[in-house]
Amino acid sequence: MISFKDLKKAFLVALWFIFLTFPIMVIKVNPFERTIAWRWHNMFYVAAGSFILYLIGRLFLINKAAQQERMKKQGIKSVPKTDWQQRLLTEPRLFIPTLGIMLVILLVFPHVLSTYQVNIMITALMYIVLGLGLNIVVGVAGLLDLGYVAFYAVGAYSYALLHLHFGLGFWTVLPLGGMLAASFGILLGFPVLRLRGDYLAIVTLGFGEIIRLILENWNDFSHGPSGISNIPRPGFFGMEMTLDQSIMYLYYLMIGMVIFTIFVVNRLQNSRIGRAWFALREDEIACQAMGIDKTKTKLTAFALGAFWAGMVGVIFAAKTTFVNPASFTFLESAIILCIVVLGGMGSIIGVIIAALVLMLLPEYLRAFSDYRMLVFGGTLVVMMVFRPQGIISTVRRTYTLEKKPTIT
Amino acid sequence: MTTDTPILEIKGLTMNFGGIRALDNLDLQIRKGEIVALIGPNGAGKTTFFNCLTGIYKPSAGELLLTPPGQTTRRLNGLKPNRVTQQGLARTFQNIRLFPNMTVLENVMIGRHCRTRAKVLGAIFRNKKTVQEEKEIVALAFKILEKIGLADMVNEFAKNLPYGAQRRLEIARALATEPNILLLDEPAAGMNPQETAELDNLITEIRDDGLSILLIEHDMKLVMSLSDHIFVVDYGKKIAEGSPDQIRNNPAVIKAYLGEDV
């Protein structure tokens, strides 16, 4: 149970939060009337809130520790890993109906809700694909890439420019944009082959900024900060569509894209190449000593990761019908990275959930207006403290000794 | 079992780290089906020798010549580690380097990487060839794990294995690359006497399958019982070589280990 020490600690935590939030929660300066309002009651709320929350968190941890202690006493070595999410993912009896319900909801979604909601959902779906792409590089192959948005930009600009100069349509550019981004991935991959961890992160960060700065400053090529407008929305066999219809069309297109991505990424991860990526993440030297070509493995990871960003970039350009460099700042890279880390490195379902949460949460938190980003940041911190392995920790494929291996 | 052409011949291997000469003009031969031990005090350069041989370091001078049975001689100098493994040299590490967050079976399956060739498109479309190859990888990995005695923990994470099992898993992973020569870097380190005895049997079994084994080891009992031939190094120089009996009574070896004349 909670000891006196915990109470003391909670008290200190409350004091610390009072100190931290004092300027924004307590003092309110009114520059017109030149008065300062001291909202002492807010200070009380902050103190009480943090005090109680700390104690609840503490209680939670104590319970967990006690539970583990009990397990140890009973001689159970490893905790059986059948919590609800593992079961949901592994048992077809639960898995298939859940998937079915989700699919129905997704399909009906745009007919029930407003265009505004559909637009938000399209963005979220785009971030799912981006997250899954970056997941290959960061989550699976363990190469920390902070410049992922560069490939997104390459895709978006390839549609904008190819349409502007050559009049190419959406469906032609979609694979082209992906491939262009993939070749940029290889371009980035070559100089960073020998780098790891922090150093790699810095170089990729630089790469992302270089692409953005080129787009911003090379006016003849990219039309500079004013961007390129009048990019056509994706067509459907030359059909004329109203704005609402074309957004709905884009929504279904994104659903298809997400399913396609999940399919491909899942197969890649469960293949010889996927295993090599995982091994590369785990131990680079052992990986080489086992006969894996480090160069090739890293480059395929960069290329296949960038490919998705390029495709989504094309869709992004088609959705907004306008691109400019301001859409491709470091913040975008950081958000996509957040999705991967929060979802759980290497876990496809985790990334999907994280993308939905991270994209939809700020939208639906608009009710809290000013505190929206505060709540958002707080959620991230709490999540990482209590579940550092992400929403869904990686589940490895299991095999049984039969004539053919079964996937569970 | 032994034939006359050495499967691996090392001539004048020298490795400098700046001004320090870690290996000095080392010669060594291994024949097919032979267990050769490399011993020496701590810091003598044994692991450096392994790293030079497997391409992790680039040797400053010397020749590394591999002659797989029934094939022509080839140089291993300057090859990348993965190419060396492909040529038929597989190794384990002194401080275990498994892939901790992968299952036991996957660890072994990684070893098959250099003997298989499924590409990206194969992985996506899962054509017949890829599926077949994947099946073979799984089957072979199971076979090796059974032999090593880890068949009942195939789906455990490698990091959750007990220490001795981790050491054996490293050997299993190396065997999956179908090596001609197996390089074991202190496989018995930290093992209890029973585990060491099991290891002794395992290494003999592997040798009986026709592999050559180069062993770095501090456990003298194990070295003496297993080895056909022993090389002793100290300060990067070879100070003695010969059969276990010759080494046991070699004054230079005793001096290197105990530090004075006897």
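H6 and H7 of chain A are oblique to each other, where oblique is the class left after angles under 35 degrees (roughly parallel), over 145 (roughly antiparallel) and 65 to 115 (roughly perpendicular). The model is predicted, local features need pLDDT of at least 70 and side-chain atom pairs count only at pLDDT 80 or more, while totals for chains, interfaces and linings use all residues. Residues are numbered from 1 along each chain as its sequence is written, and chains are lettered from A and ligands numbered from 1 in the order in which they are written.

The axes of H6(A), residues 149-166, and H7(A), residues 170-189, come within 9 Å and cross at roughly 140°. Axes are lines fitted to C-alpha atoms, for helices over the stretch in contact, with angles from 0 to 180 degrees between N-to-C directions. Helices are DSSP runs (H or I, at least four residues), numbered from the N terminus. The crossing is right-handed, that is, the near helix is turned clockwise from the far one by less than a right angle. Among the residues of H6(A) that meet H7(A) are Phe151(A), Tyr159(A) and Leu162(A); the H7(A) side includes Leu176(A), Leu180(A) and Phe184(A).

The contact between the chains takes 34 residues from chain B and 29 from chain A, two residues being in contact if their C-beta atoms, placed from the backbone, lie within 7 Å. On the chain B side, H2, H3, H4 (120-125) and H5 each supply at least two residues, and H3(B) gives the largest share, five residues.

H3(B), residues 104-111, is mostly covered, with eight of its eight residues buried. Buried means that 20 or more other C-beta atoms, placed from the backbone, lie within 10 Å of the residue's own. What covers the buried residues of H3(B) includes H11 (272-282) of chain A together with H5 (128-148) and H6 (163-175) of chain B.

Chain B is assigned domain 1 (1-88 + 179-262) and domain 2 (97-178), with bounds from an automatic or database domain assignment. Their C-alpha centres lie 26 Å apart. Ten residues of domain 1 are in contact with nine residues of domain 2. On the domain 1 side, H2(B) (81-87) and H7(B) (193-208) each supply at least two residues, and the largest share, three residues, comes from H2(B).

| H6(A) with H7(A) | ten residues | five residues | no residues |

Note on methods: Buried ≥ 20, exposed ≤ 12 C-beta atoms within 10 Å, placed from the backbone. Nonpolar A, V, L, I, M, F, W, Y, C, P; charged D, E, K, R; others polar.
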